Amino acid sequence: MTRKRVGVLISGRGSNLQALLDAAQAPDCPFEIVLVLSNKAKVQGLERAAAAGVATAVIDHRTFPDRETFEMAMTEALEAAGAELVCQAGFMRVVTSWFVTRWHDRLLNIHPSLLPAFPGLDTHERALAAGVKLHGCSVHLVRETVDQGPILGQAAVPVLPGDDAETLAARVLEAEHRLYPACLALYAAGRIDVRGETARLKTAPAPGGLLINPPSPAADA
Ligand code: GRF
């Protein structure tokens, strides 16, 4: 089995990166992480990559005159590592249409909401303010508009009485760590069809796969 070579873009903690690194350990995993690229030095995600024996690079966006030259440098590093797919995992830079076009249908992102609801920042605060009963996360292909693009998979979690942004974020993050490796594995294995702006699974996913439903809370919860 040839594994798809994946570069991961991070800016910080890297807990989603860790989930991808852990999944890549499995002998039958259809992807391998070949480079972790951060726009910030000394972040935890870089330590996680090094601990897993994965190559790292720091490309500081502040040292470039504009976004495109920064993205060209990233692209050069990704290509040198032989990356076929690129995963944004807590990467806090908005990318330009140049980068999106360059990596068309090969650039994935995880976003902490059930898109198309709550694109952008502060998703957990906004979900609570809106009073939604289900919240969650989405893995999607990156397009020019931020947090928009063919949705590869979603995981839902309940919003529980007494939640604040922190407890809700923690519940969503746990789901992110299951969803991202599951989506990347299916996509890397060629089991998701992308037609224009819609992604469809070619076959039904295994239970616990792309669509993760929350259990109903107990009646007295
Ligand atoms: C995650 O919630 C991700 O969905 C969002 O930023 C956070 C990154 O966390 N885009 P980590 O760096 O993966 O721990």
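1. Gln88 belongs to strand β4. The model is a predicted one, and the remarks below should be read accordingly. With a relative accessibility of 6%, Gln88 is classed as buried, because the limit for that class is under 20%. The side chain of Gln88 forms a polar contact with the side chain of Asn109, at 3.3 Å.

2. The surroundings of Gln88 deserve a separate comment. When neighbours within four places in sequence are set aside, Gln88 is in contact with Leu9, Val95, Leu107, Leu108, Asn109, Ile110, Val142 and Tyr180. Strand β4 itself spans 85-88, and β5 spans 107-111.

3. Helix α1 covers residues 15-24. Seven of the ten residues of α1 are buried, and the helix is thus described as mostly covered. The buried residues are Ser15, Asn16, Leu17, Ala19, Leu20, Leu21 and Ala24. An α-helix has 3.6 residues a turn, so residues three or four places apart point the same way.

4. Against which elements do the buried residues of α1 pack? The partners are the strands β1 (4-10), β2 (31-38), β4 and β5, together with the helices α2 (44-51) and α6.

5. The largest pocket has a volume of about 900 Å³. Its lining comprises 35 residues, and those closest to the pocket centre are Gly90, Met92, Ile110, Pro112 and Leu121. By class, the lining of the largest pocket holds 14 nonpolar, 13 polar and eight charged residues.

6. Which elements and domains supply the lining of the largest pocket? At least two residues come from each of α1, β5, α5 (123-130) and α6 (165-188). Helix α6 gives the largest share, namely four residues. Domain 1 (1-103) and domain 2 (109-201) each contribute at least three residues to this lining.

7. Although Phe118 is a residue other than glycine, its phi is positive, near 55°. Is the residue buried or exposed? Phe118 is buried, because its relative accessible area of 17% falls under 20%.

8. A positive phi is also found at Asp105, where the value is about 65° although the residue is not a glycine. Asp105 is situated in the loop between α4 (97-102) and β5.

9. Phe64 occupies the loop between β3 (56-58) and α3 (67-80). Its relative accessibility of 25% makes Phe64 partly exposed, because that class lies between 20% and 50%. Apart from neighbours within four places in sequence, Phe64 is in contact with Ile59, Thr69, Phe70 and Ala73.

Conventions
Residues numbered from 1 in each chain as written. Predicted model: local features only at pLDDT ≥ 70, side-chain atom pairs only at ≥ 80, totals over all residues. Heavy atoms only, no water. 1 Å grid on protein atoms, 1.4 Å probe; cavity = no way out; pocket = protein on both sides within 12 Å on 5 of 7 lines; lining within 4 Å. Points joined across faces, edges and corners; volume = space filled by probe spheres on them. Nonpolar A, V, L, I, M, F, W, Y, C, P; charged D, E, K, R; others polar. Domains from an automatic or database assignment. Buried < 20%, exposed > 50% of the residue type's maximum accessible area, 1.4 Å probe, protein only. Contact = heavy atoms within 4.5 Å. Polar contact = N/O pair within 3.5 Å; in protein donor to acceptor, adjacent residues only side chain to side chain.
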